[in-house]
Amino acid sequence: MTLASTPAAVEKFAAAYESHASDSASSPEWLKSLRQQAWSTFSELGLPTKRRGNELWKYTNLQPLAAADFEFGITGTASLDQIKATAPWDDAWNTVVVVDGNFHAELSNLHGTAGLTAGSLVEAIANGTGNVEQQLGSLAGQEDYAFTALSTAFIDDGAYVAIADGTELEHPVQVVFVTSENNASRASYPRLLVDAGANSSVVLIETHVNLAESAQFSAPVVEIFADDGASIRHYRVQMENESSFHLGTTRIAQQGDTDFTSTSFAVGASIARNDIHTLLDAPGASCTLHGLYMTHGAQQQDQEISTTHAKPGCSSDQFYKGILSGKSHAVFSGKVIVKRDAQKSEAGQKDLNLLLSRGAEIDAKPSLEIYADDVVAAHGATAGHVDRDTLFYLQSRGVDEEAAKAILIRGFAEEMLNEFEPEALNEFVEKVTDERIPVLLAESDTIGTA
Amino acid sequence: MLEINNLHASVVDIDDSEILKGIDLKVNKGEVHAIMGPNGSGKSTLANVLMGRPDYEVTDGDVTFNGDSIIELAPDQRAHLGMFLAFQYPAEIPGVRPWQFLKAALDSKAEARGEEKMSVRNFSKLFDEKVEAVGINPTLVKRSLNEGFSGGEKKRNEMLQLEVLQPALAILDETDSGLDVDALRIVAEGVNSMRSPERSFIVVTHYQRLLNYIEPDVVHILVKGKIVKTGGPELALEVEKDGYKTYLDAAAAGANA
């Protein structure tokens, strides 16, 4: 045991764990044992603290989460209209809707597309669909990480998406994780398992939203398996309400000649972490992890991004952009590990931030750990203010100061927004951004400094 | 149209940084004035101070535009009155497209003047016409503003903005720097086609070269923050022949006297 747990934090989840375990007595044995192992891991770890030596949480204080009370197993109603008004939506997409952790067929929009299995995780578990037994919890759940352990201890329902070998899906598949209108403060552990078969191709949109307006705690875990030659274009939209805690984990295992490209759009929650780790486990895999985060008020957004090059000839690119205002805080912790055997690796890592207020703070820690000798790698991080000369240029053309600032902020975000290619998704993130910019500007006080 | 009286200006927050040391200048409607001077004379500062660049502060004197003092106005308010500055080094603005930015500029101006905003359709038509007139590569204006543009393309883009915004007074800050003869001619043609009895220009330049293409009505020589000589187009030719040495010597002698 490396870290002493805060007993209260473990205690807080223990009763819910016991009752969940007894409620799911009919689960297959392998799942029960997975949950038990995970619970024992979590009981040892407890919630992470900022204590010295705990680099992963050095800049993130989870005390507000430890101090809050959440119930598990709360459910409530959500209508399709509410979901369409809250999440990106296109009728052409296959959309799986998960409310309060449970798959809802009546809210989902599934077209029975050939080669695609999309729906309930609990059903896939019960039916032993595909590789669910081998895969579930194998990427996230075996590691010493409190939130994957906690999530795995509570595995129940969620979404399951499998793309058959050789299937190239024409339209995106979206999974919407939404909390219902029920305003009880709940803990939920949304789970998504994606099994992309050999030479398959899919655009996958993962969306996290709330209908509830109260503080929620959500620890979603996404596991993605990309078999040889698979191509996955992933988008992650996180816009939970600003009282909530979102501790998200994504784990990807890539086989040979696979391509995983992900762009995240993170604007929600009070404390949010996007923890994503990709393992490039066979030659010719490439992985692109990009994202835009915007924070204001007292929000905190963490990007905990790591890529491991385990085999030769893989490439990776991490590129994040942040726009911070008010007294908000963001952390970019990027790591690229190139193992000894991973010759001919290419890795890029970049984090650019626009600070709009004196009270905003960015902690950027780009790092490369390279154990191979034939590697091309570059990294960097910047934090800057809106450029005064540029502002003058726009103003000299007649654009007033506020509008000029808005144009510059939008311009900074533009290259990330452009990555959201499906039209309805692009419109969605542009709209959210355009609505968010005046909020950021209202809390801004540093513009005009050189 | 523009009257400058005893204008003194310094760099903000830097002591003893006075650059403009008492400028007097009057530009009437329809006139083209050239301001020439050696490096460090303050000619570029003058152009920027007129447009309200926040790096400078006016410490004495006044500038009026159509009779009203403008020195307290923000740059965008000056633009709304009909002033325009073509930059020596136009800013590169990632993620902002020229079309979008010019529409915002026109909308802002219309709003400030209580006029109706131009429809997107009409603006697009105007924009496309001007792009063709200025001879900018149409694929270029679809990219981010000035990002990756060559020096010549940036200046052409400044001319595009000039054409779209149709100011009453255009100040060109060393628009000729870094341009080859062909680009220079295009810039000059843009300016000449816009010359009218209602529109004035202040052309700031180090070299006489640009004035072969844009014939000024009045030429001023600016040395060490003061206008030391004013004359007709022939003054520019004199400078071309003799350089600024005599003026610099005279200024040095004056300072030592």
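Analyst: An angle between two axes counts as roughly parallel under 35 degrees, as roughly antiparallel over 145, as roughly perpendicular from 65 to 115, and otherwise as oblique. In this predicted model, the axes of α8(A) and α9(A) cross at roughly 125° and come within 9 Å. The helices α8(A) and α9(A) are therefore oblique to each other. The crossing in which α8(A) passes α9(A) is right-handed. On the side of α8(A), the contact is made by Thr390(A), Leu391(A), Leu394(A) and Gln395(A). The helix α9(A) contributes Glu401(A), Ala404(A), Lys405(A), Ile407(A) and Leu408(A) to that contact. Sorted by class, the residues joining α8(A) to α9(A) are 5 nonpolar, 2 polar and 2 charged.

The contact between the chains draws 22 residues from chain A and 23 residues from chain B. On the side of chain A that touches chain B, the elements giving two or more residues are α8, spanning 388-396, and α9, spanning 401-417. The largest share of that side comes from α9(A), with 9 residues. By class, the side of chain A that touches chain B holds 8 nonpolar, 6 polar and 8 charged residues.

A residue elsewhere in chain A can be related to this region. His290(A) lies in strand β16 of chain A, which covers residues 286-295. His290(A) counts as buried because 20 C-beta neighbours lie inside 10 Å. Leaving aside residues up to four places away in sequence, His290(A) touches Ser262(A), Thr263(A), Phe319(A), Tyr320(A), Met416(A) and Glu419(A). Between His290(A) and Ala406(A) there are 23 Å in space, C-alpha to C-alpha, and the two are 116 residues apart in sequence.

Helix α2 (residues 29-45) and helix α7 (residues 146-153) of chain A pack at an angle of about 140°, and their axes are 7 Å apart. That angle makes α2(A) oblique to α7(A). The crossing of α2(A) and α7(A) is left-handed. From α2(A), the residues in contact are Leu34(A), Arg35(A), Ala38(A), Trp39(A), Thr41(A), Phe42(A) and Leu45(A). From α7(A), they are Ala146(A), Ala149(A), Leu150(A), Thr152(A) and Ala153(A). The residues of the contact between α2(A) and α7(A) comprise 9 nonpolar, 2 polar and 1 charged.

Turning to chain A as a whole, its secondary structure comes to 10 helices and 22 strands. The radius of gyration of chain A is 21 Å, close to the 22 Å that the globule rule gives for 450 residues, so chain A is as compact as a globular protein of that length. Along the principal axes, the C-alpha atoms of chain A fill a box of roughly 70 × 50 × 50 Å. Of the 450 residues of chain A, 53% count as buried. Among contacts in chain A with a separation of 6 or more, 82% are between residues 24 or more positions apart.

The C-alpha atoms of chain B fill a box of roughly 65 × 40 × 35 Å along the principal axes. In chain B, 41% of the 257 residues count as buried. Residues 24 or more positions apart supply 71% of the contacts in chain B that have a separation of 6 or more.

Within chain B, helix α1 (residues 43-51) is mostly covered, with 8 of its 9 residues buried. Among these buried residues of α1(B) are Lys43(B), Asn48(B) and Leu50(B). Just after α1(B), Gly52(B) takes a positive phi of about 90°.

Helix α5 (residues 151-165) and helix α6 (residues 181-194) of chain B pack at an angle of about 10°, with their axes 10 Å apart. That angle makes α5(B) roughly parallel to α6(B). The contact involves Gly152(B), Lys155(B), Arg156(B), Met159(B), Leu162(B) and Glu163(B) of α5(B). Across from them, α6(B) provides Ala183(B), Ile186(B), Val187(B), Gly190(B) and Met194(B). By class, the contact of α5(B) with α6(B) has 6 nonpolar, 2 polar and 3 charged residues.

Conventions. Residues numbered from 1 in each chain as written. Chains lettered and ligands numbered in written order. Predicted model: local features only at pLDDT ≥ 70, side-chain atom pairs only at ≥ 80, totals over all residues. Axes fitted to C-alpha atoms, helices over the stretch in contact; angles between N-to-C directions. Helix = DSSP H or I, 4+ residues; strand = E, 2+ residues; numbered from the N terminus. Left-handed = near helix turned anticlockwise from the far one by under 90°. Contact = placed C-beta atoms within 7 Å. Nonpolar A, V, L, I, M, F, W, Y, C, P; charged D, E, K, R; others polar. Buried ≥ 20, exposed ≤ 12 C-beta atoms within 10 Å, placed from the backbone. Rg over C-alpha atoms; globule rule 2.2 N^0.38 Å.
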